[in-house]
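Please open the model in your viewer and keep the sequence panel at hand. The stops below proceed by selection, each followed by a description of what is found there.

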Amino acid sequence: FQGRGRRIYADWYARMGAYAPMMVPILERHGLPPELIYVCMIESGYNPDAVSRAGAVGPWQFMRRTAQGFGLRYDDWVDARRDPIKSTEAAAKYLKKMHERFGSWPLVLAAYNAGDGRVSRAIRRTSSTDFWQLVERGVLPTQATRYVPKIMVAMVIGQNPARYGFGGVQPEPALEFTVVPVPGKVDLRRLARRADTAYKTLTRLNPELKRGYTPPDGQEY
C-alpha cells in the first residue's frame, strides 16, 4: 500500500467512512473484533456491486450457496449479498462460526479466502494450528498466504493512517437513511419522487434490488 496500491487503499479508506458506522456495530453485537471490517475492505473495497471472477458478490463477497446458508435472500428480485447491513450480519455469523472452529483469527481469515475445508486439511497434514507455520510448510494456497497479511497490514494502517502517509484522506460521510415498509412491485423512480430524493441515491441505498423495483412481497427498505 506504499507503492502501486497506495491510491487504492486511500480510496477504500475514504469509502469506509460511509459504511463503517453501519457495519462495526453489527460485528460488535456478535462479539467480534471491530477490526474485522478490514476483511470487507480487502474483499471488495466496500463496494456493494463488486463481483469476483468466481461469482462472489457484494461487500463481503459471498458465493450464492454460502449466502443462502446464512439467510441471505437470492431470487429474481433481490440479491441480499449486495445489502451492506444484511451481508454484514451474515458475515458476522460466518466469521464467528469459523472462529469457534479454528480458535485463531489468522486461520479464520485464511479460511474466509480459501475455504474452511482447505484450512482443516492443512492442519491435519501438519498437526499445526499456527498460520505462519502452515505458510512455511507450503500447505495453504498462495492466494491465502498473501490475503491474510494484506488484511493485517490494512488493519495496522487503519489504526494510525497519518503515520503511514494517509492522514490527508477524508472519509466519506456516513450513509443516512430510514427503513420503511414499501408495497410490492413499485418502481424506485416513483419512490424517489415520493421521497423527494434522487433515483441514484435510492439505488445506492438499496443495492440488493436487482430490477429497480421492490419485490412482489414488499418488505422493508
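Select glutamate 172 first: with a relative accessibility of 30%, this residue counts as partly exposed. Here buried stands for under 20% relative accessible area, exposed for over 50%, and partly exposed for the range in between (1.4 Å probe, protein chains only). The model is a predicted one, in which local features need pLDDT of at least 70 and side-chain atom pairs count only at pLDDT 80 or more, while totals for chains, interfaces and linings use all residues. Residues are numbered from 1 along each chain as its sequence is written, and side-chain values use heavy atoms, with hydrogens and water left out.

Glutamate 172 belongs to the loop between α8 and α9 and arginine 204 to helix α10, so the pair ties together parts that are 32 residues apart in sequence. Helices are DSSP runs (H or I, at least four residues), as are strands (E, at least two), and they are numbered from the N terminus. Arginine 204 is partly exposed, at 40% relative accessibility.

Next, select arginine 73, aspartate 75 and aspartate 217. Salt bridges with shared partners join Arg73, Asp75 and Asp217 into one network. Arginine 73 meets aspartate 75 at 2.6 Å, N to O, and aspartate 217 at 3.2 Å between the closest N and O atoms. Aspartate 217 lies in the segment after α10 and arginine 73 in the loop between α3 (64–69) and α4, so this pair ties together parts that are 144 residues apart in sequence. Arginine 73 is partly exposed, at 26% relative accessible area; aspartate 75 is likewise partly exposed, at 24%, and aspartate 217 is partly exposed at 43%. The whole structure contains eight salt bridges.

Which residues of α5 are buried? Select residues 105–114 to display this helix, which is mostly covered, with seven of its ten residues buried. The buried ones are Leu107, Val108, Leu109, Ala110, Ala111, Tyr112 and Ala114. They pack against α2 (37–44), α4, α6 (116–126), α7 (131–136) and α8 (142–159), where contact means heavy atoms within 4.5 Å. Glycine 115 follows α5 and has a positive phi, near 105°.

Proceed to alanine 192, in helix α9 (residues 188–194). Alanine 192 is buried, at 2% relative accessible area. Beyond its neighbours within four places in sequence, alanine 192 contacts Thr197, Ala198, Tyr199 and Leu202. The C-alpha atoms of alanine 192 and leucine 202 are 6.4 Å apart, although the two residues are separated by ten residues along the chain.

Finally, turn to the surface. Select Ile85, Phe177 and Val179, a nonpolar patch with about 240 Å² of accessible area together. Patches comprise residues with over 30% relative accessible area and no salt bridge, joining like charges within 9 Å and nonpolar side chains (Val, Leu, Ile, Met, Phe, Trp, Tyr) within 5 Å. Accessible areas come from the Shrake-Rupley method with a 1.4 Å probe; for residues, only the protein chains shown count as cover. Isoleucine 85 is located in helix α4 (residues 84–102) and is partly exposed, at 31%.

Terms used:
A salt bridge is a side-chain nitrogen of Lys or Arg within 4 Å of a carboxyl oxygen of Asp or Glu.
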